[in-house]
Structures are given as C-alpha cells and as structure tokens.
Amino acid sequence: MKISHRGLRPTLFLAAWIAFGATASIDPNVYLGEIKFLASQEMRGRATGSPELEKAADFIAGKFREFGLQPVVGTSYLQAFPVTTSGKLGPANRFSFAAPDRAMSVPLAADFMPFSFSASAHVTGGVVFAGYGITAPEYHYDDYEGVDVKGRIVLLLRHEPQENDDHSVFAGRSLTKHAQFAAKATNAKMHGAAAVILINDIAAHPGDPDDLQKFGNVEGPSESGIPFLQVKEQLIDPWFKDAGKSLQEIEAGIDKDLKPESFAFPSTLRVDATVDIQRVVKTVHNVAAYLPGQTSEYVVIGAHYDHLGLGEQYSMAPDQAGTIHPGADDNASGTAGVIELARWFSKEPKQKRGILFLSFAGEEMGLLGSEWYVEHPEKPLANAVAMINLDMIGRVRNAKVYIGGVETGTGMRAMLDGITPKYQMNLDYSDTSGYGSSDHTSFTTKQVPVLFFFSGLHSDYHKPSDTWDKIDAPGAVKVLQVVADAAASLRDAPSRPQFVRVAPSHGEGAGPLSSSSGSGYGPYFGSIPDFGEGTNGVKFADVREGSPASKAGFKAGDVMVEFDGKPIQNLYDFTYALQAKKPGDEVLVKVQRNGATVEAKVLLTKRQ
C-alpha cells in the first residue's frame, strides 16, 4: 500500500530534528538508576494489584511532579480503574463421591483443588471418562468420539497421548496446545459437559509424585465457564477397578494406537462437588501527566510499568514461579524512558502541541490499563496526533531496533527516514500495522496513529533473570533520542498525520497474549479483541480492514457469542474454536450488537 505524505513535509521534520537533536541529552546513568529501582527486589516484580505496583505509581507520579508537569485532571496524576487480579478459594469448596461399596468426602488442598479459572457451581451426577479430553482433527484423534457427556461430569487425564514418544503425531515431549488446562476446559464445555475432574497421568510419569497443581499457578481465562478441579489419581483409580478396567492399561492402550478408550462409569458412581472461587477485584492506576502546548492537540508517549510479580501462571520459567520476576527490560526500560523523556521535554519552552505522558498498569494481564484509558480518556482522543509506545527498549543488540506502526499515519515513515540516519541503527519497520501485544494497540483501535519502539525478545523474557544488570543503557538512550526527535517532529509539524488502516502484512497471533485474534495456529479471522472485563463473549475492539470478519460485516464493539455453533464466553473459547478450523472453511458467527443478535457467515482465509 502506498501511503500519502501530504500534510507532513519531510523537510520540516528534518529541520525540527536538527534543532532538537543538536542539544538533546539523556543521561544513561540516571536512566539506569530508575530501572534499578523499578526492577529491584524491593519492588517484587510490580504485579498489577500489588502494593509494589502502587509504590511504582507513586514513584512515577513523583518524577512528573518534580519536572513541573501538570496532572491531567484535578490534582492527581493517578487514573484509577478496577481489575480482577486473581481468584481465591471460598469457604464452600467440597468434593465427595459415592460408589457401591464406599463413599468418601475428599479434603481440600490435600486431595483435591479447584483451578483458579474454574466457574463456581454445585454439580452432582454421573461420570464419563474422556481420556485426555482432546479433540484434535489434525491428528485424527478425538477422546469424545462415541461418548455422550452432555450434562455429565467428565474425568480427564493430564497432558496428552504419546508424551514420551519423540515420533508421536502429537509433539511428544514438547506437548501441543491440546495439553493446556484451559484447552481441556473449553473442549469439555463445548461438548456439553457439566464439570471437569482432572487427574495426573501417572503411568506416563512413573516415580513422579501425585501432586496437585498449586491454586493460582495455571494460566487460563478469568472464568472458564465450567467447574474445573483436580483430584489425586490414587483416589480415582478404584473407580476404574469397580468398572472392570485398569487405568494403567487404558493409558498404555491409547499410547499404542491412538485410539480413544472413553466410557461412562456405572450409574452407581455419583459425584457431588461444589466449587467456590471468589474473584479478587482491586483498584489500580494509570499514571498521567501533561505538558501543555499552544493548541489543544498533543502527542502521547507511553509505556506500561507493571510486570509479573512472582511469575505465577505467566512465567516463562514455570519451575521458578513464586520467585521475583523483576522485569527490568519488560518494562522498567520503557517506563524509565517515559520518565527521562518527560524530564527532557519539561525543560523546553511551550511548543505548538502538548505532550501527554502515560504509564499503564495491567498490560501483562491484557492491555487493561491502556484499554481503560482509551475508553475513559482524560484528554479528547480526537486531539491526539499520535501515540508512541515504549516496551522493552533496554536490550538493543547489533544496533537493531523494531519500530512498528509506521504506516498508521501519513508521513510518519518519511519522518523517521529523515531522523534515523544520524543514529546509525539497524531499523526494522516490518510490523507496519499498529496492532500487537502491547499498549499501542489500544490507540490503534481508536484510530490514533502509533509508533511502537521495541528492542526485541530475549531468553530472559518473563523470567526471574530479566535483571537490571543486563540493560544496555547507552543503547537504550540512543533509542530514546530517536523517540525524542520523532515526538518533537510530531509536536511541531504544521499538519498532523492522518490515520491509515493498514492491511495485515504478516500473520497475527491468536490468544490471550496477542492482540489480533484470528491466527497463530488456525486460519485468519481478523478481529482485535478487547481485553476489558465484564463481557460474556469476545468483544471486538476493532476489525481488520479487508479481513474475513470485516467482509462479513462485523464491526468494532460487536461481542461474539457463538462461533460455528459453539458458545463463546471468553477469548480462550474463541481461540480454541478457531484453531479447529482451516483456511477455506465457512463458519456461522453470531454477535451481540446494540442489544440485538447479528449473524453472518465468515469465509476463513489463509494468513498472508
């Protein structure tokens, strides 16, 4: 797509760059000192909802106050919003069963444990064994084939078949998406199950203890829509013996020929269970400060300041969950960058446009802070000429920096081409669309042009090893100098960039860690999910231009409630249902729009 450059003349940008760049100076030692504080052991990983995150917010607000920047509204730099941070076990959790010659009430924690994303409900009834709970047409495997689980409690094995076979059609020791707990919950729900009981696949792990998953340590939706709990295998094994079967032989049989061995237990086996999960809602804060200009227009410079706390379900080092994940690069590096840019710009006389400095909470939980801000802006978004997002800028390697979103605003590519030669950096503009798994996406969905600065992933991402001593402060400061020049150009240009909807040039990811639901494993759909809370279904923050969803007539604000006949309650449901399809499939999709149900057929396509 050829982008028009009218309204943003490169020569004027170059002039602004020369005037600004000649005197710009950011101290790498001061910058690194702020990262040291934000990523210190004292800050305990800055988890959203934690006291340490609030301490970080006060630190950032204190810097804005020190620089003489204005609160955007009233006298506070803090914008409050609610977040469901976790679940906790309520008092009513119970699990018991009755068989012909025995009955047992199972103690919580010692022998059974609900998952934190379980629905709260009381269930009672018969049990159906459904193997690993996997439906995988790509492997010609379906544990639910030949059994009816509607309204029944399903018993599932952990992991997946042939886990110890490197030549498995599954992924062997690596495991596939089908082994994920949330995938098992969604598949059971889509088959009409009333609840899920999970047990360890002991036969595949001889010698391993029959331990339960720790509550809160498993990734999943905030609420899966189905009761989901784990029980120790040793308590369940007698059920198979009562049915004249051997669990060990069943596991071995499935591994041998990949033929499901699902069955209904005798009606004399009855389970009675109550799951009681109480959602923990806390008030957290974005931090905002404003440097006024001569007009009401402004440039946004932002970064998220939250991280993972002790890792828990989001850690990329699950064996170290429970230890501090300091988040030096992700995203103390971007946060310190916003602080230092605020320090620099605060020293300048009033210019044509203002600059709004934003630090977001809740990014690691799904862009929650930035989504809240664009839905509750403290300054009119119509006056935002562009948003510059800094996320993980502290580990520049081989002078390479990724700059996303360059085609979302007319003239922005030309602007950068006029600025960047001075810095002798290897710039990657390949992600032009303005969508991605960081806070700029929230502004793209509101048709604000964006630039996303990112120095790349590394082996310490989402691990306790993301520490301040690995930050390349001089390299990051060079990135900040590019950002400063770009922000000054946008601030001073005679005309503002016009927003451009960019068709996707690369496959977009699907799932809760991505902003573009619609691919990854499965075919392309083209919606951008809104991660905000309180929606039963998947709300579209935006729909990609020219995508299958767009061609079917779906719009931003629609809430998907059904996909190909399957109920959709959350993004995990949608991702799972989509991944079961292939390019060329036509599916019926139902959404809620302004209180009415709208349905249309969508022709899924291949990712380009």
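Predicted model: local features only at pLDDT ≥ 70, side-chain atom pairs only at ≥ 80, totals over all residues.

Colleague: Is His462 buried or exposed?

Modeller: Residues are numbered from 1 along each chain as its sequence is written, and side-chain values use heavy atoms, with hydrogens and water left out. Buried means under 20% relative accessible area, exposed over 50%, partly exposed in between (1.4 Å probe, protein chains only). His462 comes out at 5% relative accessibility, so His462 is buried.

Colleague: And where is His462?

Modeller: Helices here are DSSP runs of H or I with at least four residues, strands are E runs of at least two, and both are numbered from the N terminus. His462 isn't a glycine, yet has a positive phi of about 55°. Its place is in the loop between strand E20 (450-454) and H11.

Colleague: Is Leu175 buried, exposed or partly exposed?

Modeller: Leu175 is another non-glycine with a positive phi, near 65°. You'll find Leu175 in the loop between E9 and helix H4 (181-190). Its relative accessibility is 27%, so Leu175 counts as partly exposed.

Colleague: How far apart in space are Gly146 and Ser262?

Modeller: Gly146 belongs to the loop between strand E8 (141-142) and strand E9 (153-157). Gly146 is exposed, with a relative accessible area of 80%. In sequence, Gly146 and Ser262 are 116 residues apart; C-alpha to C-alpha, the distance is 7.8 Å.

Colleague: Which peptide bond is cis?

Modeller: Look at helix H7 (residues 328-346), where Asn331 sits. The cis bond has omega near 0° and runs from Asp330 to Asn331.

Colleague: What radius of gyration does the protein chain have?

Modeller: The radius is taken over C-alpha atoms, and the globule rule is 2.2 Å times the number of residues to the power 0.38. For 608 residues, a compact globule would come out near 25 Å, so the chain agrees with that at 26 Å.
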